[in-house]
Amino acid sequence: MSTLPPCPKCQSSYTYEDGDLFICPECAHEWPRQAEASEETARVVKDAHGTPLADGDTVTVIKDLKIKGSSLVVKVGTKVKNIRLVDGDHDIDCKIDGIGAMGLKSEFVKKV
């Protein structure tokens, strides 16, 4: 009997392999064979002091940050609520009062 995983989308047990992919014939969902391994090696974003961050956390800015293309500055001690972690060079998407939506690097914040 086959030991292929069920479809993560519709839970069908009729999955099959095609090269490096698993395919579900019922819902046409395709996913990589290494999907289980990639979940274990999820990226951890840490603040300036090494504390792990999560979506929805509140952080404080630890350094004055000039905003490119503007004369605005995010001052030391500015609290940023309800952050969202993203991939890219700026780890955090957030909304700062008086400035608006922007991206921050995790090395310039600390968790509150």
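Two strands are taken as paired if DSSP finds at least two bridges between them, and strands (E, at least two residues) are DSSP runs numbered from the N terminus. The structure is a predicted model, in which local features need pLDDT of at least 70 and side-chain atom pairs count only at pLDDT 80 or more, while totals for chains, interfaces and linings use all residues. Residues are numbered from 1 along each chain as its sequence is written, and side-chain values use heavy atoms, with hydrogens and water left out.

Under these criteria, threonine 60 stands opposite lysine 79 in E7, and strand E4 (residues 59–61) pairs with E7 in the antiparallel sense over 2 bridges. An open sheet of 3 strands has the order E7-E4-E11, with antiparallel pairing. Strand E7 (79–80) and strand E11 (109–111) stand at its edges with a single partner strand each, so one side of each is left without a neighbour in the sheet.

Strand E9 (residues 92–96) and strand E10 (residues 100–104) run antiparallel and are joined by 5 bridges, with aspartate 93 opposite glycine 103 in E10. In the hairpin that E9 and E10 form, 3 residues lie between the strands, and glycine 98 takes a positive phi near 85°.

Strand E10 also contributes to the largest pocket, giving 3 residues, the largest share of the lining. The lining of this pocket includes Leu65, Lys66, Met102, Gly103 and Leu104, and the elements that give two or more residues to it are strand E5 (65–66) and E10. A pocket is here an open set of points on a 1 Å grid over the protein atoms alone, where a 1.4 Å probe fits, with protein on both sides within 12 Å along at least five of seven lines, and lining residues have an atom within 4 Å of a point.

Methods. Helices (H or I, at least four residues) and strands (E, at least two) are DSSP runs, numbered from the N terminus.
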